[in-house]
Amino acid sequence: MKSISRRYLLRAGLASAFVGMIPKVALGADYSDDEIATIGPDARDDGPYRAEALGLLDAWGVSELQAFASTAIAAWGFRDQDWDDRKDIASYASARLPILLDTKCNTTAMKATDYQPSYLAEYESAARLVAAAKVRFRSEAGAFCHLMFADRSDRRLSPTSRVVRARTYVFDEITRHILASGGFRTLGFVNYSGYFGYSLHDPRSFRRSSK
Amino acid sequence: MRGKKVLIVGSGVAATTVARRVLERNDATVVDMFEAGPDFRTQNWRWWTDFVTTGRSPNGRYLDKPSDADINPEGGFELVGGRMIVKGGSTNHWGGWAPRMKPEDFRLGDVRKGALNWQISYEDLAHYYTDAEHLLDVCGSSETLTPPRYGARYKHQPIPYTAMDGLLMEALSSLGENAFEPMPMARDATRCQTTGTCRYCPFGARYTAAADVDQLASTFGKRFRLHLESPVVAVRMRSRRTAAGVTVGDKKSHNTVHHDGDVTVIAAGTIESAKILLNSVTTTWWPKGLGNSTDHVGRHIVTHPLLRAVARIPNNSTRLEQEVDFPTMASRFYDSVDFQSRGKMFFARDGRYILPNFAEKLISRSTINEVNDQIIRNTRIELRGLIEAFPDEDNRVELIEGPFATSGLPRTRIRYRESEATITARHMHLVHLEGVLRKAGLQHVPQEDSGGARADHAVATCRMSRSPAEGVVDRDLRVHETDNVFVCSNAVMPNPGAVNPTLTLAALALRLGDLLGA
């Protein structure tokens with residue numbers, strides 16, 4: 001199990017104030033037994049666990065994943081831009097994320113297994129890992145650092161282990177979603193795949209060109 | 001034609017456009033539409049969300065599988081990735097490029113050996129082009145000079161150029177007059193929110209035939225019936241000249257079911273349309289397949305070789321990026337009479353991707369500095385060209401006997417090669433594209449492979465001709481020597497011109513719809 005250095009986290013783009021908040025214990029921590037354990041006896045590595053289980057993630061689970069998303073935003077320093085009146089990032093955890101969670105759990109439009117696998121079991125498992133990591137590392141920053149950055153090549157991690165699945169179906173997807181919801185603007189760009197820009201001829205267009 | 005039943009094979013843009021026109025023109029007509037593939041949901045929020053959060057397009061599961069066809073690899077013909085076998089067909093992932101062909105494209109036989117002139121002219125099709133542009137919500141400049149528009153206006157204003165396009169304007173202008181123009185692009189400007197996920201739009205801002213099929217069902221009620229997962233494998237003949245209907249394979253039972261109709265329209269794309277005719281064998285009347293007494297069905301298949309020229313912006317400190325998920329600038333400078341005998345080219349500055357893989361870089365813990373450095377030093381700009389390939393009578397689509405593909409359709413054999421003249425044209429135009437990039441002060445990035453031959457642009461397997469001695473259908477798209485069998489797909493085009501064929505196909509479909517609905 002390789003440990004993580006603060007320098008490495010800074011180079012990976014995490015905000016320095018955030019890196020300063022990460023407790024030392026989170027940097028070198030090994031995976032817990034629960035993180036390495038398989039998510040369930042019949043888990044497959046080609047789709048979410050119990051993909052047919054529809055239903056809404058409970059309020060506790062939503063709040064754990066909201067905390068994770070808010071921490072990710074702080075960690076990478078994603079922010080809304082002064083030149084625009086949009087509040088995509090400020091409202092992400094309270095507005096956009098619940099829609100994402102709902103969309104992936106409550107797939108009532110078609111059968112859950114018909115290319116709309118439910119993520120409910122994956123979300124519940126990931127929320128459990130977030131909650132446990134927060135207790136273990138006594139902070140949200142420590143939990144985020146461990147869950148996202150602890151050695152992904154550790155040989156004990158199987159494709160059906162809880163932490164691998166949480167990364168695949170939850171943490172990495174939420175990261176992509178935050179970027180597509182406006183996080184990309186922090187790097188100075190004006191549009192991104194999945195971002196709702198403005199209409200083609202809107203005078204407030206995202207375009208750099210006036211021609 | 002009063003009170004007829006029209007059978008339409010396929011559910012893509014040609015099929016839906018013919019169906020709509022016939023149903024509108026003749027209120028006693030009923031249409032039965034047969035689609036080999038399953039249902040397809042447009043504007044499905046879950047599918048779109050998955051696209052954004054996983055990067056995997058919902059369209060991928062409906063593409064051809066490599067095992068569905070036997071294609072000689074050295075020919076470069078790319079089937080996988082081109083077509084979608086599903087309700088709405090390939091328009092569900094269509095890029096939306098919607099230029100008209102030019103008048104000379106209808107007379108290629110005048111300048112090239114082995115090519116045929118169309119049996120209709122640009123002028124015959126001109127007002128259908130206008131209708132098709134409205135149907136497909138095409139944004140474009142009504143002021144462009146070629147091809148002639150005869151005063152017709154686009155429904156939507158052209159989409160503005162992006163700042164990245166600006167890098168090329170001076171270099172293109174140095175070629176001559178009118179060397180670039182806004183790309184005619186099928187986008188409903190009132191719906192588009194520039195999400196960069198045009199291959200699966202959450203707002204329905206790009207025309208998809210799947211949405212059009214849904215509209216047909218709601219508009220025409222019992223006069224329109226859609227049969228999904230119903231692969232038509234043959235046309236069933238009542239006599240040598242007259243079809244009784246179609247034969248549909250049942251994917252589950254492996255039995256076949258007959259459907260009778262007064263008119264049959266095969267609108268199943270260039271490859272499947274030819275295969276259906278080839279599979280419609282009657283020992284007495286059509287022993288080599290329907291309309292194939294002279295061995296033209298499936299032959300002459302030709303498509304656009306795709307050219308790619310790539311350059312790097314030397315110092316992208318201003319962070320120019322691809323602002324929208326489609327090209328906004330096109331050039332028809334080499335798509336002209338002057339180049340027709342040597343091979344025309346249409347090209348555009350490609351606009352498909354918006355900052356790809358940025359999220360993956362963060363997840364894989366590349367440093368922000370590395371990402372920034374890559375943006376400043378390695379932002380690429382790409383020109384994509386389509387060349388009108390030279391015809392080859394030995395290029396063929398054939399049926400493979402034995403087990404069917406997963407779609408329930410017979411498996412396909414394609415024999416394809418690029419002629420020496422096409423290869424020469426490819427080299428000539430690659431030099432042209434690279435010259436534009438160099439002239440713009442960009443750093444050329446050599447490509448090992450400039451691109452293959454696109455299946456979704458393939459034409460000519462049932463080409464339009466004066467007589468059966470030269471082709472398969474007549475100027476009305478009726479199979480020669482039949483009364484009531486029509487082909488409406490890219491297959492009927494004797495040559496592809498240098499542009500995406502979708503708009504021309506929609507125009508042909510409107511024309512056929514008028515004929516059948518009269």
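The briefing below covers sheets, helices on sheets, and helix pairs.

This is a predicted model, in which local features need pLDDT of at least 70, side-chain atom pairs count only at pLDDT 80 or more, and totals for chains, interfaces and linings use all residues. Residues are numbered from 1 along each chain as its sequence is written, chains are lettered from A and ligands numbered from 1 in the order in which they are written, and side-chain values use heavy atoms, with hydrogens and water left out. Helices (H or I, at least four residues) and strands (E, at least two) are DSSP runs, numbered from the N terminus.

**The six-strand sheet of chain B**

- Six strands of chain B make an open sheet, ordered β6-β14-β15-β16-β13-β19. Its pairing is antiparallel.
- Two strands count as paired if DSSP finds at least two bridges between them. Strands of a sheet pair through backbone hydrogen bonds, either parallel or antiparallel.
- The edges are β6 (181-182) and β19 (443-445) of chain B. Each has a single partner strand, so one side of each is left without a neighbour in the sheet.
- Two bridges pair β6(B) with β14(B) (residues 329-331) in the antiparallel sense. Pro182(B) is opposite Met329(B) of β14(B).
- β13(B) and β16(B) run antiparallel and are joined by seven bridges. Leu307(B) faces Gly385(B) in β16(B) as its opposite residue.
- On β19(B), β13(B) pairs over three bridges, again in the antiparallel sense. There Ala311(B) stands opposite His444(B).
- β13(B) is mostly covered, with five of its seven residues buried. Buried means under 20% relative accessible area, exposed over 50%, and partly exposed in between (1.4 Å probe, protein chains only).

- Helix α10(B) (residues 420-439) lies across β13 (306-312), β15, β16 and β19 of chain B. It runs at about 25° to β13(B).
- Contact means heavy atoms within 4.5 Å. Axes are lines fitted to C-alpha atoms, for helices over the stretch in contact, and angles run from 0 to 180 degrees between N-to-C directions.

- β17(B) and β18(B) (residues 411-415) run antiparallel, joined by five bridges. Arg396(B) has Arg415(B) as its bridge partner in β18(B).

**Helix pairs in chain A**

- The axes of α5(A) (residues 59-76) and α6(A) (residues 92-105) come within 10 Å and cross at roughly 125°. The two helices are therefore oblique to each other.
- Angles under 35 degrees count as roughly parallel, over 145 as roughly antiparallel, 65 to 115 as roughly perpendicular and the rest as oblique.
- The crossing of α5(A) and α6(A) is right-handed. A crossing is left-handed if the near helix is turned anticlockwise from the far one by less than a right angle, and right-handed if clockwise.
- The contact includes Val62(A), Leu65(A) and Ile73(A) of α5(A), and Leu97(A), Pro98(A) and Leu101(A) of α6(A). By class, the residues of this contact are nine nonpolar, three polar and no charged.
- Ala, Val, Leu, Ile, Met, Phe, Trp, Tyr, Cys and Pro count as nonpolar, Asp, Glu, Lys and Arg as charged, and the others, Gly among them, as polar.
- The axes of α7(A) (residues 120-137) and α8(A) (residues 140-149) come within 8 Å and cross at roughly 120°. This crossing is right-handed.

**A helix pair in chain B**

- The axes of α1(B) (residues 13-25) and α5(B) (residues 209-220) come within 9 Å and cross at roughly 20°. That makes α1(B) roughly parallel to α5(B).
- α1(B) and α5(B) cross in the left-handed sense.
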